[in-house]
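Try each task first, then follow the solution step by step.

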Amino acid sequence: MGARLRGDHARWGIGIIAVLFFLLGAVPLALSGAGLLTASPVPSAGAIASPTVAAATSQAEATAPVAVATPEGTPAPKPSEAVDTSSSVSVTPPSPPPAATATPSPQPGLWRVEGYVVDESGNPLKNVCVVVGPHGCQKFSPHTDERGHYFLDVAAATTVNTSFDFYFETPGRETVWWHFTPTGPIEFNVVLKPTS
């Protein structure tokens, strides 16, 4: 009976060790699939390419450009200088369409940052991404509506003043970088010129 129990314990021990090895192998794979871990191949000492093969490979790489899509979250390209709040342009807001829903009012303790984004002729620009901070346009970033209007509510500063960097960007137009420290609700209107 004692020998049988020791045999059962040994099988259990081997089974647990097998599960641990499996998990240790699966965790890096799961992390790399989620983008949390990247691994690059390590060249071995025995895998040295001949100069002819290396030259052919670098020639092929030089002649075949690879188009890579910009990944979500890529930082917005920074203009050389930030504009300040006095750079806001005068915009006559277009009237909302008859079926439009009202823009919600900010909750208590929040200040509204809003404005309009227009082209050089004063026409509203729809779907302009309003990037807040350095991480590029995200799924949750505010975008302008069909009237070129955007809004974002920020915490009202009571003891600490917080500065913000807003980037107004859309394909085919120059990015405008607005650096400001809100002292209350604020309106900032932007003209996005075409890229040259």
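**Exercise 1. Find the hairpin formed by S4 and S5, and work out how many residues lie between the two strands.**

Step 1. Please keep in mind that this is a predicted model. Locate strand S4 at residues 164–169, then strand S5 at residues 176–180.

Step 2. Look at the turn of the hairpin: six residues lie between S4 and S5. Glycine 172 sits in this turn and has a positive phi of about 85°.

Step 3. Now follow the pairing of the two strands. S4 and S5 run in the antiparallel sense and pair over five bridges.

Step 4. Check how covered S5 is: four of its five residues are buried, so the strand is mostly covered.

**Exercise 2. Decide whether the rings of tyrosine 150 and phenylalanine 168 are stacked, tilted or edge-to-face.**

Step 1. A pair of aromatic rings is described by the distance of the centres and the angle of the planes. The structure holds ten aromatic pairs.

Step 2. For tyrosine 150 and phenylalanine 168, the centres are 5.3 Å apart and the planes make an angle of 65°. Planes over 60 degrees apart count as edge-to-face, and that is the class of this pair.

Step 3. Tyrosine 150 belongs to strand S3 (residues 149–155) and phenylalanine 168 to strand S4, so the pair ties together parts that are 18 residues apart in sequence.

Step 4. Both tyrosine 150 and phenylalanine 168 are buried.

**Exercise 3. Which residues of the largest nonpolar core touch the most other members?**

Step 1. In soluble globular proteins, nonpolar side chains tend to be buried together.

Step 2. The largest nonpolar core here has 18 residues, and those touching the most other members are Val117, Tyr150, Phe166, Phe168, Trp178 and Leu192. The elements that give two or more residues to this core are S1, S3, S4 and S5.

Step 3. Take phenylalanine 166 as an example. Neighbours within four places in sequence aside, its contacts include Val113, Val132, Tyr150, Leu152, Trp178 and Phe180.

Step 4. Turn to leucine 152, which is found in strand S3. With a relative accessible area of 21%, leucine 152 is partly exposed. Beyond residues up to four places away in sequence, leucine 152 touches Trp111, Arg112, Val113, Val132, Pro142 and Phe166.

**Exercise 4. How many salt bridges are there, and which parts of the chain do they link?**

Step 1. Side chains of opposite charge can pair when their charged atoms come close. The count here is two salt bridges.

Step 2. One joins aspartate 153 to arginine 112, with the closest N and O atoms 2.4 Å apart. This pair links strand S3 to strand S1 (residues 110–118), across 41 residues. Aspartate 153 is partly exposed at 27% relative accessibility, whereas arginine 112 is buried at 8%.

Step 3. In another, the side chains of arginine 173 and glutamate 120 meet at 2.9 Å, N to O. Arginine 173 lies in the loop between S4 and S5 and glutamate 120 in the loop between S1 and strand S2 (129–132), so the pair ties together parts 53 residues apart in sequence. Glutamate 120 counts as partly exposed, at 46% relative accessibility.

**Exercise 5. In what order do the helices and strands run, and how much of the chain is buried?**

Step 1. The chain has two helices and seven strands. Starting at the N terminus, the order is α-α-β-β-β-β-β-β-β.

Step 2. Of the 196 residues, 23% count as buried.

Note on methods. Residues are numbered from 1 along each chain as its sequence is written. This is a predicted model: local features need pLDDT of at least 70, side-chain atom pairs count only at pLDDT 80 or more; totals for chains, interfaces and linings use all residues. Side-chain values use heavy atoms; hydrogens and water are left out. Rings of Phe, Tyr and Trp (its six-membered ring) pair if their centres lie within 6.5 Å; planes under 30 degrees apart count as stacked, over 60 as edge-to-face and the rest as tilted. Buried means under 20% relative accessible area, exposed over 50%, partly exposed in between (1.4 Å probe, protein chains only). Contact means heavy atoms within 4.5 Å. A salt bridge is a side-chain nitrogen of Lys or Arg within 4 Å of a carboxyl oxygen of Asp or Glu. A nonpolar core is a set of buried Ala, Val, Leu, Ile, Met, Phe, Trp, Tyr and Cys residues joined through side-chain atoms within 4.5 Å. Two strands pair if DSSP finds at least two bridges between them.
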